[in-house]
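Q: Can you walk me through this model? Keep it short, and give me the cut-offs as we go.

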Amino acid sequence: MNKKTISATVAVLTLVLLTVPVAFAAQEQAWFDFDNCSMCQKMTAEKGLMENMQWENYLTADGMMTVTVVNPGYEEAFARAMKNMETVGGQLMAGEKLYLCGFCTSYGALQMAGATIENFETAGGHINLVTSREPAAIEKIHVHGQRTIDEMAKMTAGDKHGSHDHGSHGHDHAH
């Protein structure tokens, strides 16, 4: 998957999530919901992908960074999942009401708060950088990032969220 494809996917997801009603975003839902979230389901639909990806999240001085590594042989599955997420974005933009988990809703809200989203492809993986120069936006990014880090720790400890046992995947990641 090239940088242009990843950037287009993030741009579509961001635009779509900007159209989600504020009341929906205010509802408390599972942070990760791989079984029910219209976006996340696209990752779990690719057999073996979740077990062959690792995500690491880091807070930075002005935002957060996510490093995604896809094991050899699963890059095409990852590319399909990203493309299918773009399709979901189109459905949302067309007015369909689809369920999004807390992570996906929050991630989309970050750009509304003034965040800049950049994506880089490296020889070893994909890097997503979410930053801002505005203190209020940086705070929101840090809240999102820390919640993601905390929820991932729960997943790797085998905690259950919603109806899906994320610990059974054996992966350490977030989106």
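This is a predicted model: local features need pLDDT of at least 70, side-chain atom pairs count only at pLDDT 80 or more; totals for chains, interfaces and linings use all residues.

A: One definition to start: buried means under 20% relative accessible area, exposed means over 50%, and partly exposed is in between, with a 1.4 Å probe and protein chains only. By that scale E46 is buried, at a relative accessible area of 11%.

Q: Where is the pLDDT below 50?
A: Residues 2-26 are one such stretch, with 44 contacts in the model beyond near neighbours in sequence. Contact means heavy atoms within 4.5 Å. Residues 159-175 are also below 50, with 52 contacts on that count.

Q: Back to E46. Which residue forms a salt bridge with E46?
A: R80 does, with the closest N and O atoms 2.8 Å apart. A salt bridge here is a side-chain nitrogen of Lys or Arg within 4 Å of a carboxyl oxygen of Asp or Glu. R80 is partly exposed, at 41% relative accessible area.

Q: Where do R80 and E46 sit in the chain?
A: R80 is in helix 4, and E46 is in the loop between helix 3 and strand 1. They are 34 residues apart, so the pair links distant parts of the chain. Helices (H or I, at least four residues) and strands (E, at least two) are DSSP runs, numbered from the N terminus.

Q: How many salt bridges does the structure hold?
A: The structure holds 3. R147 and E151 meet at 3.1 Å, N to O, and E151 and K154 at 3.4 Å.

Q: Is E151 buried or exposed?
A: E151 is buried, at 5% relative accessible area. R147 is partly exposed at 28%, and K154 is partly exposed at 35%. R147 and E151 are 4 residues apart in helix 6, about one helical turn.

Q: Switching topic. Which residues have the most contacts inside the largest nonpolar core?
A: M39, M43, L49, C104 and V130. That core has 32 residues. A nonpolar core is a set of buried Ala, Val, Leu, Ile, Met, Phe, Trp, Tyr and Cys residues joined through side-chain atoms within 4.5 Å. Helix 4 gives the largest share, 7 residues.

Q: What does M43 touch?
A: Leaving out residues up to four places away in sequence, M43 touches L49, M50, M53, W55, F78, A81 and M85.

Q: And aromatics: how many pairs?
A: There are 4 aromatic pairs. Rings of Phe, Tyr and Trp (its six-membered ring) pair if their centres lie within 6.5 Å; planes under 30 degrees apart count as stacked, over 60 as edge-to-face and the rest as tilted. W31 and F103 have ring centres 6.1 Å apart and planes at 90°, so they are edge-to-face. Both W31 and F103 are buried.

How values were computed: Residues are numbered from 1 along each chain as its sequence is written. Side-chain values use heavy atoms; hydrogens and water are left out. pLDDT is the predictor's confidence in each residue, from 0 to 100.
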